[in-house]
Amino acid sequence: MTAVRPTFPTPDHDHGRCAADALSHAERVCERRAQKFTPIRRQVLEALLSSHRPLGAYEVIDELAKSMPRPAPITVYRALDFLMNNGLVHRIESRNAYLACAHDHDAAAMIAFLICEQCGSVGEIPAAPLAQSLNAAARATGFTPTLSVVEITGTCAHCQKAS
């Protein structure tokens, strides 16, 4: 069982350890699922782990270009698809961006993203009761939901304290 992570890491947390733990988690997930964690997939995940903020695909490309030849967009999109399909990355719809995930939840788990409007950090929280209510309301209208994404904007506790 993995240790509980805070929704928003403290500004002075050991980010190197945080990123290393997330990479280790990704390796275990891929090994458990008999998936290949190729160098480009690792590099894309490392780019996303450079902060706790979501990055757009072209921001990922820019990050990668700092240490390697600029990858083709299709290469990065394929890596992002792989990482999303394996629960290692989430897409933040409102930002058209991607966020690394090191939580142990299954692909069907409903989560809500908490997006800080001041610092840009994104946290995730379990949202199963909310999902059940939304799905029930949708089904009551005859609609069959397939994917629910909940994004809540506001101000994280760290930014509130800094104000």
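## Basis of the description

The model is predicted, and local features need pLDDT of at least 70, side-chain atom pairs count only at pLDDT 80 or more, and totals for chains, interfaces and linings use all residues. Residues are numbered from 1 along each chain as its sequence is written, and side-chain values use heavy atoms, with hydrogens and water left out.

## Salt bridges

A search of the whole structure returns five salt bridges, a salt bridge being a side-chain nitrogen of Lys or Arg within 4 Å of a carboxyl oxygen of Asp or Glu. Side chains of opposite charge can pair when their charged atoms come close. Among the salt bridges is that of Arg17 with Asp21, where the closest N and O atoms are 2.9 Å apart. Arg17 and Asp21 are four residues apart in helix H1 (residues 15–32), so about one helical turn separates them. Helices (H or I, at least four residues) and strands (E, at least two) are DSSP runs, numbered from the N terminus. Arg17 is partly exposed at 47% relative accessibility, and Asp21 is likewise partly exposed, at 33%. In these terms, buried means under 20% relative accessible area, exposed means over 50%, and partly exposed lies in between (1.4 Å probe, protein chains only).

A salt bridge also joins Arg42 and Glu27, with 2.1 Å between the closest N and O atoms. This pair links distant parts of the chain, as Arg42 belongs to helix H2 (residues 39–48) and Glu27 to helix H1, 15 residues apart. Arg42 has a relative accessible area of 24% and is partly exposed; Glu27, with 34%, is also partly exposed. Another salt bridge is formed by Arg91 and Glu93, whose closest N and O atoms are 2.9 Å apart. Arg91 counts as partly exposed at 27% relative accessibility, and Glu93 is partly exposed with a relative accessible area of 39%.

## Strand S1

Strand S1 covers residues 89–92 and contains His90. At 13% relative accessibility, His90 is buried. The side chain of His90 makes a polar contact of 3.3 Å with the side chain of Glu124. A polar contact is a pair of N or O atoms within 3.5 Å; within protein, one must be able to donate a hydrogen and the other to accept it, and residues adjacent in sequence count only if both atoms are side-chain atoms.

Val89 also lies in strand S1 and is buried, with a relative accessible area of 3%. From C-alpha to C-alpha, Val89 and Pro69 are 23 Å apart in space, while their separation in sequence is 20 residues.

## Aromatic rings and the nonpolar patch

The structure holds zero aromatic pairs. Such pairs require rings of Phe, Tyr and Trp (its six-membered ring) with centres within 6.5 Å; planes under 30 degrees apart count as stacked, over 60 as edge-to-face and the rest as tilted. A contact between a charge and a ring is present, however: the charged end of Arg41 sits over the ring of Phe82, 3.6 Å from its centre. The criterion is that NZ of Lys or CZ of Arg is within 6 Å of the ring centre and within 35 degrees of the ring normal.

Tyr58, Ile74 and Tyr77 make a nonpolar surface patch of about 300 Å². Patches consist of residues with over 30% relative accessible area and no salt bridge, like charges being joined within 9 Å and nonpolar side chains (Val, Leu, Ile, Met, Phe, Trp, Tyr) within 5 Å. Accessible areas come from the Shrake-Rupley method with a 1.4 Å probe; for residues, only the protein chains shown count as cover. Ile74 is part of helix H4 (residues 73–85) and is partly exposed, with a relative accessible area of 47%.

Ala34, although not a glycine, has a positive phi of about 55°. Ala34 belongs to the loop between H1 and H2 and is exposed, with a relative accessible area of 70%. A positive phi, near 50°, is also found for Asn96, a residue other than glycine. Asn96 is placed in the loop between S1 and strand S2 (97–100) and counts as partly exposed at 46% relative accessibility.

His25 lies in helix H1 and is buried at 3% relative accessibility. His25 and Ala128 are 103 residues apart in sequence and 23 Å apart in space, C-alpha to C-alpha.
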